[in-house]
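Please look over the notes below with the structure open beside you.

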Amino acid sequence: MVSSTVTASVQSVDQLLLGMNKGAITRVVFLDLTKAFDTVNNSDLWRKLSNLGVDAAAQSWFDSFLSNRSQVTCCGSTQSYPAVVPVGVSKGSTLGPLLFIVYTNDLKKRS
């Protein structure tokens, strides 16, 4: 079942309160992944793609997708100068979430 962040938060608080009423000890961990896509290290991502069997031609394509990126900030009709974006994957793309999953897929194995 897909839930919104609000629904998940309400359900979590409900479960917490039910546990407290029963005298249970409850531990909660909240993770803020707001900037998670911005922290992807491209060289680590290349290594992980290679370990998954992605060939050199496909890696070149991924490299062109993630390299030489820049961003600007707009406020009304005013626009900032372009700033280079050396790390991270694009949140607004179809490929960005897939690359983020590849990047984080082995985190459980490292702990």
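1. Start with D106. This is a predicted model. D106 has a relative accessibility of 23%. Buried would need under 20%, so D106 counts as partly exposed.

2. Which residue does D106 pair with? The partner is K48, and the two form a salt bridge. Their closest N and O atoms are 2.8 Å apart. Side chains of opposite charge can pair when their charged atoms come close.

3. Check where the two partners sit. D106 is in the loop between α4 (95-104) and α5 (107-110). K48 is in helix α2. They are 58 residues apart, so the pair links distant parts of the chain.

4. Is K48 buried or exposed? K48 has a relative accessible area of 5%. The cut-off for buried is under 20%, so K48 is buried.

5. The limit for a salt bridge is 4 Å. Both residues lie in helix α2. They are three residues apart, about one turn of the helix.

6. Accessibility of this pair: R47 is at 41% and counts as partly exposed. D44 has a relative accessible area of 27% and is partly exposed too.

7. Next, the packing of α2. Two packed helices are described by the angle between their axes and the distance between the axes. Helix α2 covers residues 42-51, and helix α3 covers residues 56-66. They pack at an angle of about 155°, with their axes 11 Å apart. Angles over 145 degrees count as roughly antiparallel, and α2 and α3 are therefore roughly antiparallel to each other. Their crossing is right-handed.

8. Which residues make the contact? From α2 come N42, L45, W46, L49 and S50. From α3 come Q59, F62, D63 and L66. By class, the contact has five nonpolar, three polar and one charged residues.

9. Finish with D63, which is found in helix α3. Its relative accessibility is 34%, so D63 counts as partly exposed. D63 takes part in the contact with α2, as does N42 on the α2 side. D63 and N42 are 21 residues apart in sequence. In space they are 8.6 Å apart, C-alpha to C-alpha.

Key
Residues are numbered from 1 along each chain as its sequence is written. This is a predicted model: local features need pLDDT of at least 70, side-chain atom pairs count only at pLDDT 80 or more; totals for chains, interfaces and linings use all residues. Side-chain values use heavy atoms; hydrogens and water are left out. Axes are lines fitted to C-alpha atoms, for helices over the stretch in contact, and angles run from 0 to 180 degrees between N-to-C directions. Helices (H or I, at least four residues) and strands (E, at least two) are DSSP runs, numbered from the N terminus. Angles under 35 degrees count as roughly parallel, over 145 as roughly antiparallel, 65 to 115 as roughly perpendicular and the rest as oblique. A crossing is left-handed if the near helix is turned anticlockwise from the far one by less than a right angle, and right-handed if clockwise. Contact means heavy atoms within 4.5 Å. Ala, Val, Leu, Ile, Met, Phe, Trp, Tyr, Cys and Pro count as nonpolar, Asp, Glu, Lys and Arg as charged, and the others, Gly among them, as polar. Buried means under 20% relative accessible area, exposed over 50%, partly exposed in between (1.4 Å probe, protein chains only). A salt bridge is a side-chain nitrogen of Lys or Arg within 4 Å of a carboxyl oxygen of Asp or Glu.
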